[in-house]
Amino acid sequence: MKQVKNSSSNKILRIQRERLIQQLHHQGIKSSKVLEAMRTIPRHLFIDEALSAHAYANHALPIGYGQTISQPYIVARMTEALLSKGPLDTVLEVGTGCGYQTAILAQLVGKVYSVERMKRLSEKAHKRLNLLGINNVQLHHSDGRWGRTENAPYQGIIVTAAPPKIPNALLEQLALGGCLIIPVGDSNRQKLLKIIRNRLHHYEQHLLEEVKFVPLREGLS
Ligand code: SAH
């Protein structure tokens, strides 16, 4: 009986996931690789079971500790922007949260380093990614405002919490030709920026859109 119920609810979740992919496509996400990664990764496994009926609605959801899982459209948009110049070997993610964006990136790039300041979230994400058999990811409990010098430079850096201004460490740890995607602004509203490091001391900036992320905070918890 349980099995029958599980398989029918899994089928419903699969249908909802497919609808979400169509919606993302209509919203302007063109990369078939990004859409395929979002089709592959089950978002409902990254949130509380009580919320799984909402897993494939196109909005952010709470993941506990005052944090959120980002809206699917924003995950797709940031990932597409990060990969716009072609495939990447090494990517740093700041703000692992539940690990959903990490899992999407892991389908598309060589290696993902992801840092999170909240130990409980990092541990939970670690378990989920292991269960899904994702093994090209390294998670660390650390303050992402300092980037992660150990594995720098990165061809891509993606930040999923908003600082008031771009941390210098992230600019410095970007490889030449590398791309940084980051929301910047106060706690009410931020600008999602794409920064390309053209030359050693030259960065090109593009505005992607207005967004609302949780703040990038100081220190560990
Ligand atoms: N990437 C997530 C979004 C998580 S929300 C997703 O897939 O949906 C942003 C996360 O950034 C939170 O978990 C928060 O704890 C974390 N964060 C905030 N400030 C940070 C910092 N200085 N260093 C690392 N992580 C930080």
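Reply: Here is a look at the charged pairs, with some context on the chain.

This is a predicted model, where local features need pLDDT of at least 70, side-chain atom pairs count only at pLDDT 80 or more, and totals for chains, interfaces and linings use all residues. Residues are numbered from 1 along each chain as its sequence is written, and side-chain values use heavy atoms, leaving out hydrogens and water.

The protein chain carries 29 positive and 17 negative side chains. Lys and Arg count as positive, Asp and Glu as negative; His and the chain ends are not counted. Side chains of opposite charge can pair when their charged atoms come close. The whole structure holds ten salt bridges (a side-chain nitrogen of Lys or Arg within 4 Å of a carboxyl oxygen of Asp or Glu).

Take Glu 209 and Arg 77. Their side chains form a salt bridge at 2.6 Å, N to O. This pair links distant parts of the chain: Glu 209 sits in strand β9 (residues 202-211) and Arg 77 in helix α3 (residues 72-82), 132 residues apart. Helices (H or I, at least four residues) and strands (E, at least two) are DSSP runs, numbered from the N terminus.

Next, Lys 191 bridges to Glu 210, with the closest N and O atoms 3.0 Å apart. Lys 191 lies in strand β8 (residues 190-199) and Glu 210 in strand β9, so the pair ties together parts 19 residues apart in sequence. Lys 191 is partly exposed, at 39% relative accessible area. Glu 210 is partly exposed too, at 36%. Buried means under 20%, exposed over 50%, partly exposed in between (1.4 Å probe, protein chains only).

Glu 150 and Arg 148 also pair, at 3.8 Å between the closest N and O atoms. Glu 150 is exposed at 55%, whereas Arg 148 is buried at 14%.

Finally, Glu 18, Glu 36 and Arg 39 form a network of salt bridges.

Key:
Charge placed at Lys NZ, Arg CZ, Asp CG, Glu CD.
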